[in-house]
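Hi,

Here is the structure I said I would pass on. Have a look at it first, and then read my notes below.

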Amino acid sequence: MRIFRRVIMPIAWLVVFAVIAVALVKIAFVDGLRAEPALAGPAATIATPVFQASRTTVTNRVEVEATVQSDAAADVRNTVAGTVNHVFLEPGAPVRNGDPLFQVRSEVQPEAGTAPAAAAPAGGNAEQDSAPAMPAAAKPTYTYTNVLAASTGVLKTLTVIIDQQVSVGEVAGTVDPGTFTVSGTVDAAQQYRLLAKPGSAEISVIGGPAPFSCADPVLTSIAAASEGSGSGGTAGVARSVAAAIMPVPGNGAPAAGGAATGRLSCPVPADITVFAGLGATMTVTAGESVNVIAVPLTAVRGTVADGIVWMAAPAPEGAANGAANGTATGADAAAPPAAEPEQRTVKLGLNDGAMVEVVSGLAEGDAILEFVPGAPGQPDAGIPGAYPMGG
């Protein structure tokens, strides 16, 4: 027992300490100098979205939110000056275009030198016979003119009364046509899409009858209408358009809406029952291009006639090799910088609010940037608060 305590135990402790010391030396000076393999960690690559020009069908369909409005009453204007002699109809009576409303009596003045001379009295003396005869007073003559209704409808007001003096052009009443018009405003992008595209509109009244067609929609410039109404002229230049409309993004697909620049209106057929104030939707298909090269509106600066796209530059060779090998570390990480995208002018055709036809300037398969460089990003419709790359 004494030998175990004094000899064996000390030797065992020495062996344990020696093993610990060797292990520490190995960890510090052998394993610590060995290069360990790089561990794959999370990584992210920011890439510019690219779109390849492809063939598709572009349908220029525009949708406009509208309202049913009563047509304005037509004025009844006097066509002759004189005195009201007779009133044929009272307010509230139905009238047709050309019906007499009231009659005006106008005095006709005799022409100078046409008044008959008075006869000389019989048995007069010579002096009296030689005196010039005094002209007899001419009896007044009158003409009677009927003022007619200029439109069909209901006589809404008639302000003249018997023996009232009236003048030419004076408003004497109004005729309510009893007709309706569907009217809605369009923004600049919609107005550009409707230029020189005559056609018909399909109108759907909310809570009303089945959709019906309108053969004569009219597009009017709001600015021109304002100037015309202020100066008493015509309300701008009206233009017939093919009327069927859907919300349209503008240049680079900006948010739909914006300031109204024009008004699209269409008369409601007489056999369709509607009421003023009802909401409606006007839908116009203003052209279709089949099997044409098209690109997103977000990729083009400009949406009418001429536009600019940015050709996608090829990826640098060093970056492509590194990505293929998965070893973009050290010297490989310093890849050559990407080339700047090249601008190219293209001719544009129809657009449907999302895609635009490229008439010339691009070939099928050409790669372009999906978003105009420097353009403000637009929210992603599917992710609130999210914006696409490239904006």
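A question to start with: does Thr 281 count as buried or exposed? Keep in mind that this is a predicted model. Thr 281 has a relative accessibility of 15%, and the cut-off for buried is under 20%, so Thr 281 counts as buried. You'll find Thr 281 in strand S17. Leaving out residues up to four places away in sequence, Thr 281 touches Glu 63, Val 64 and Glu 65, and also Glu 202, Ile 203 and Ser 204.

One of those contacts, Ile 203, leads on to the core. The largest nonpolar core is made of 22 residues, and Ile 203 is among those with the most contacts inside it, along with Val 182, Leu 264 and Met 282. At least two residues of this core come from each of strands S2 (54–70), S11 (180–187), S12 (201–205), S13 (212–214), S16 (260–267) and S17 (279–296). As a general point, nonpolar side chains tend to be buried together in soluble globular proteins.

The structure holds one disulfide, and it joins Cys 214 to Cys 266, with an S to S distance of 1.3 Å. Cys 214 sits in strand S13 and Cys 266 in strand S16, so the pair ties together parts that are 52 residues apart in sequence. The torsion about the S-S bond is about -100°, so this disulfide is left-handed. Cys 214 and Cys 266 are both buried.

Then there is helix H1, which covers residues 2–29. At 1.5 Å a residue, its 28 residues should span 40 Å, and the end C-alpha atoms are 41 Å apart, which agrees. H1 does have a kink of about 30° at Ile 8, shortly before the proline Pro 10.

Finally, some totals for the chain. Its secondary structure comes to five helices and 21 strands. Of its 391 residues, 28% count as buried. The chain exposes about 23,800 Å², and carbon and sulfur atoms supply 59% of that area. Taking contacts between residues at least 6 apart in sequence, 77% join residues at least 24 apart.

Cheers

Technical notes. Residues are numbered from 1 along each chain as its sequence is written. This is a predicted model: local features need pLDDT of at least 70, side-chain atom pairs count only at pLDDT 80 or more; totals for chains, interfaces and linings use all residues. Side-chain values use heavy atoms; hydrogens and water are left out. A nonpolar core is a set of buried Ala, Val, Leu, Ile, Met, Phe, Trp, Tyr and Cys residues joined through side-chain atoms within 4.5 Å. Buried means under 20% relative accessible area, exposed over 50%, partly exposed in between (1.4 Å probe, protein chains only). Helices (H or I, at least four residues) and strands (E, at least two) are DSSP runs, numbered from the N terminus. A disulfide is a pair of cysteine sulfur atoms within 2.5 Å. Contact means heavy atoms within 4.5 Å. Accessible areas come from the Shrake-Rupley method with a 1.4 Å probe; for residues, only the protein chains shown count as cover. The expected span of a helix is 1.5 Å times one less than its number of residues. The bend at a residue is the angle between axes fitted to the seven residues ending there and the seven starting there.
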